[in-house]
Amino acid sequence: MSYDKDHTVIRFDIVKNRRKFFIASSVIIIIGLLFTLFQGLHLGVDFKAGTRLDMFIGKTFNPTDVEEVIKKEVPNVNFSKVTPYGENQAYTRFDQTISSDTLMKMEMALKAKYGEQVSKQVSSVDPSIAQEMVQKAAIAVAIAAVGIAIYIAIRFQWLFGIACVVGLAHDVFIPIALFSILGLEVDITFIAALLTILGYSINDKIVIFDRIRENLRTMKSKTIPELEHLVNVSLWQTMRRSVYTVATVFFTALALAVLGSESIQNFSLALLFGLVSGTYSSIFIAAQVWVNLKERNMKKKKEVM
């Protein structure tokens, strides 16, 4: 533990250990990339043609018995395992769109087995719409990230903009990688979570970069050790604010994930992963990328002189 001239407590030298953080993130990203390439993403009905069937059974049931009823009505269509959730509810997903008549027959068969309280909720997407949704989702995330980076480059300087691009790419890919590794479903709420994550993440990065910019005006930064010390001080000056801010949102998202309905569970989990990733990247990735870029500029100026 050390102190700077203004008595800011530096509990740990983050900047000098930045290579360790780069390696840790690289390992997670590489593992996630391998899972994504070979295992793929478990796309929801929003991004993959087919039909999702949510069923309210209303009493204790055996998922295998429900699957048998479905197989009788659509014997030649592949569908996922019937998964219970909530109170006496379950869902499954078909690999192709199912006609309303067939779905009605399923509902009648389930009513005959479990009672008149049985009801269904259906979401169907045809192949062309699914492809369009994937494209629009990717474009939405890309536009948000690029727009944020441009704003940072104009508001601060282009080196901060580059650091933001790296940090935001990290923040987007980590939830994607974790969803691939855990086999969680990627649906439209997941995209909403990614866009929310970008908003929280850039807010944290702006606070840190703004403090770095302020300290550049008042602290010496003519040499590399002085620059690294300046960034260390800036990080520890904003550390408490970063941790407290993300903690309030984190526990709210955690409550939604644990106590909320199944329909927002993926959103809550993606938000949890992204909040942790965003805070981590702001402190240990984006700020450190800026240090590397700034040091390269300083070395080039010395060589020219």
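Biologist: Hello! What should I know about the numbering and the model before we start?

Modeller: Residues are numbered from 1 along each chain as its sequence is written. The model is predicted, so local features need pLDDT of at least 70 and side-chain atom pairs count only at pLDDT 80 or more, while totals for chains, interfaces and linings use all residues, and side-chain values use heavy atoms, leaving out hydrogens and water.

Biologist: Thanks! How many helices and strands does the chain have?

Modeller: Eight helices and eight strands. Both are DSSP runs numbered from the N terminus: helices are H or I with at least four residues, strands are E with at least two.

Biologist: Why is L37 called exposed?

Modeller: Exposed means over 50% relative accessible area, buried under 20%, and partly exposed in between (1.4 Å probe, protein chains only). L37 has 61%, so L37 counts as exposed. This residue lies in helix 1, residues 18-38.

Biologist: What makes helix 2 oblique to helix 3?

Modeller: Helix 2 (residues 63-73) and helix 3 (residues 100-114) pack at about 140 degrees, with axes 10 Å apart. That angle makes the pair oblique. Under 35 degrees is roughly parallel, over 145 roughly antiparallel, 65 to 115 roughly perpendicular, and the rest oblique. The axes are lines fitted to C-alpha atoms over the stretch in contact, and angles run from 0 to 180 degrees between N-to-C directions.

Biologist: Which residues of helix 2 and helix 3 meet?

Modeller: From helix 2 come D65, V66, V69, I70 and E73; from helix 3 come T102, K105, M106, A109, L110, K113 and Y114. By class, the residues of this contact are seven nonpolar, one polar and four charged. Contact means heavy atoms within 4.5 Å. Ala, Val, Leu, Ile, Met, Phe, Trp, Tyr, Cys and Pro are nonpolar, Asp, Glu, Lys and Arg charged, and the others, Gly among them, polar.

Biologist: At what angle do helix 5 and helix 6 cross?

Modeller: At roughly 145 degrees, for helix 5 (residues 158-182) and helix 6 (residues 188-218), whose axes come within 10 Å. Their contact includes F160 and F179 of helix 5 and F190 and I212 of helix 6. In total, 15 nonpolar, two polar and two charged residues take part in this contact.
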